[in-house]
Amino acid sequence: MAALSTAAQRRLASSSAAGPRRGARLVARVAEPLAQPNSGSSSFSSSSAADASLLARAGLPPTTTPYDDFKFAPIREAAVSRAMTRRYFRDLDEFAESDVVIVGAGSAGLACAYELGKVAPHLKIAMMEQSVAPGGGAWLGGQLFSAMVVRKPAHLMLDELEVPYEDDGDYVVVRHAALLTSTLMSHVLKNPNVKLFNAVAVEDLIVKPDDTVAGGRRVAGVVTNWSLVAQAHGTQSCMDPNVMEAGVVVSACGHDGPFGATSVKRLARLGMVPGGEVPGMGALDMEAAEGAIVGGTREVVPGMVLTGMELAEVDGSPRMGPTFGAMIVSGRRAAHVALAVLEKKRRAAAAAAKGGSTVEAAAAAL
Ligand SMILES: Cc1cc2nc3c(=O)[nH]c(=O)nc-3n(C[C@H](O)[C@H](O)[C@H](O)COP(=O)(O)OP(=O)(O)OC[C@H]3O[C@@H](n4cnc5c(N)ncnc54)[C@H](O)[C@@H]3O)c2cc1C
């Protein structure tokens with residue numbers, strides 16, 4: 001409540017000391033004349049008068065809150081520590097072999113996890129995010145603006161998530177990008193089969209020989225480290241990473257930057273990028289860029305699906321600036337491509353288990 005005169009504050013304080021019912025009556029008495037227009041003599045604003053009469057109608061004196069008698073259940077420090085560490089280490093144990101590892105929890109990675117949660121909620125999905133805060137570049141629109149533009153028909157996911165927007169014809173505008181990002185994230189994280197490991201960087205890839213695939217090598221997981229440790233590699237020695245095997249890796253690291261495009265840069269150094277090098281994203285062309293990202297979403301090398309702006313790095317396709325439809329649809333598409341990769345792998349393993357030759361296993365995987 002704002003702008004109470006000193007006299008009014010004294011009256012209210014003495015009324016609350018005298019007990020709730022008396023205080024409520026006093027507020028009603030004070031508020032009623034002040035609610036009349038042009039009363040002139042009062043320092044109450046009309047809105048604080050309305051607040052006061054609301055409290056009075058609720059039978060509450062102004063100093064009473066529903067939490068005045070709040071009392072916490074008891075706790076011990078060791079219990080807090082165990083509650084966190086037991087779960088984290090159980091997760092590390094469980095997700096050491098994941099069905100899908102998504103690298104990067106920006107808009108494309110989150111959209112992928114969302115779609116997987118919808119169509120394959122039984123899969124074990126680990127999301128690796130180097131930043132403490134997941135969400136990547138999707139907390140703001142463009143530059144440092146608030147609104148987020150989503151080109152139709154990518155907005156259909158907003159309808160599913162019940163995120164409100166203004167319809168501007170060919171595109172919709174979410175009043176604040178953070179509204180979409182936080183809603184998407186909360187949907188993803190409610191899925192018990194999704195584990196977000198934030199503040200964990202993917203430093204490298206696990207790559208295994210595989211005679212059943214083109215090129216004879218398959219991405220089989222990720223090499224991880226606490227981000228703070230990864231950042232300290234130049235100043236410390238002997239800080240070996242951790243590892244996580246995956247049926248398929250979906251890389252959504254975003255475009256090049258201090259942490260971006262990790263997977264494609266590593267694939268290039270391993271000689272696994274078709275054409276041998278990562279050309280980097282092309283110049284901005286909104287009209288062309290979004291279709292190129294969605295259309296290009298694919299298993300770029302055996303075992304790894306690429307989605308979002310990281311794709312533009314390997315394809316040299318144009319950047320699109322602050323329109324987010326492509327990230328959403330590319331992420332969703334990547335989920336289905338990832339499922340197809342898992343299915344191919346399952347068929348190849350089944351053929352091999354039946355004693356088939358490598359060629360037969362490869363044929364089964366097609
Ligand atoms: C200078 C600048 C220019 C930009 N220009 C464009 C543009 O032209 N077009 C455009 O679409 N967007 C642009 N953006 C940002 C835009 O907001 C994001 O590119 C967009 O959100 C892409 O979504 P994404 O999901 O592909 O990647 P991002 O939103 O970038 O998300 C990638 C996520 O992966 C995480 N990550 C990266 N590497 C690792 C790793 N090794 N281990 C774990 N996590 C990792 C990041 O922390 C991040 O959360 C620009 C941003 C900047 C800063």
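pLDDT is the predictor's confidence in each residue, on a scale from 0 to 100. The views below come from a predicted model, in which local features need pLDDT of at least 70 and side-chain atom pairs count only at pLDDT 80 or more, while totals for chains, interfaces and linings use all residues. Residues are numbered from 1 along each chain as its sequence is written, and side-chain values use heavy atoms, with hydrogens and water left out.

**View 1. Confidence along the protein chain.** The protein chain has a mean pLDDT of 86, and 83% of its residues reach 70 or more. Over residues 1–46, pLDDT stays under 50. For this segment the model has 42 contacts beyond four places in sequence, a contact being heavy atoms within 4.5 Å.

**View 2. Helix H5 against helix H7.** Helices (H or I, at least four residues) and strands (E, at least two) are DSSP runs, numbered from the N terminus. Helix H5 covers residues 107–119 and helix H7 covers residues 177–190. Their axes are 9 Å apart and the packing angle is about 40°, which makes H5 oblique to H7. Axes are lines fitted to C-alpha atoms, for helices over the stretch in contact, and angles run from 0 to 180 degrees between N-to-C directions. Angles under 35 degrees count as roughly parallel, over 145 as roughly antiparallel, 65 to 115 as roughly perpendicular and the rest as oblique. The crossing of H5 and H7 is left-handed; this term applies if the near helix is turned anticlockwise from the far one by less than a right angle, and right-handed applies if clockwise. On the H5 side the contact involves Ser107, Leu110, Ala111, Ala113 and Tyr114, which meet Leu184, Met185, His187 and Val188 in H7. Seven residues of the contact of H5 with H7 are nonpolar, two are polar and none is charged. Here Ala, Val, Leu, Ile, Met, Phe, Trp, Tyr, Cys and Pro count as nonpolar, Asp, Glu, Lys and Arg as charged, and the others, Gly among them, as polar.

**View 3. Helix H5 against helix H12.** The axes of H5 and H12 lie 7 Å apart at an angle of about 50°, and the two helices are therefore oblique to each other. The crossing of H5 and H12 is right-handed. Residues of H5 in the contact include Ser107, Ala111 and Tyr114, and those of H12 include Met327, Ile328 and Leu339. The contact of H5 with H12 has eleven nonpolar, three polar and three charged residues.

**View 4. Helix H10 alongside helix H12.** Helix H10 (residues 286–296) packs on helix H12 (residues 325–353) at an angle of about 10°, with the axes 8 Å apart. That angle makes H10 roughly parallel to H12. H10 contributes Glu290, Ile293, Val294, Gly295 and Gly296, and H12 contributes Gly325, Ala326, Val329, Ser330 and Arg333. Four residues of the contact of H10 with H12 are nonpolar, four are polar and two are charged.

View 5. Three strands form an open sheet in the order E3-E5-E4, with antiparallel pairing; two strands pair if DSSP finds at least two bridges between them. Strand E3 (148–151) and strand E4 (166–167) stand at the edges with a single partner strand each, so one side of each has no neighbour in the sheet. E3 and strand E5 (residues 171–174) pair over four bridges, and Met148 has Val174 in E5 as its bridge partner. Gln143, in the loop between strand E2 (125–129) and E3, has a positive phi of about 50° although it is not a glycine. In the loop between E3 and helix H6 (156–161) lies Pro153; the peptide bond from Lys152 to Pro153 is cis, with omega near 0°.

**View 6. The hairpin of E10 and E11.** Strand E10 (residues 298–301) and strand E11 (residues 304–306) are paired in the antiparallel sense over three bridges. Val305 in E11 is the bridge partner of Glu299. Two residues lie between the strands of this hairpin, in which Gly303 takes a positive phi near 90°.
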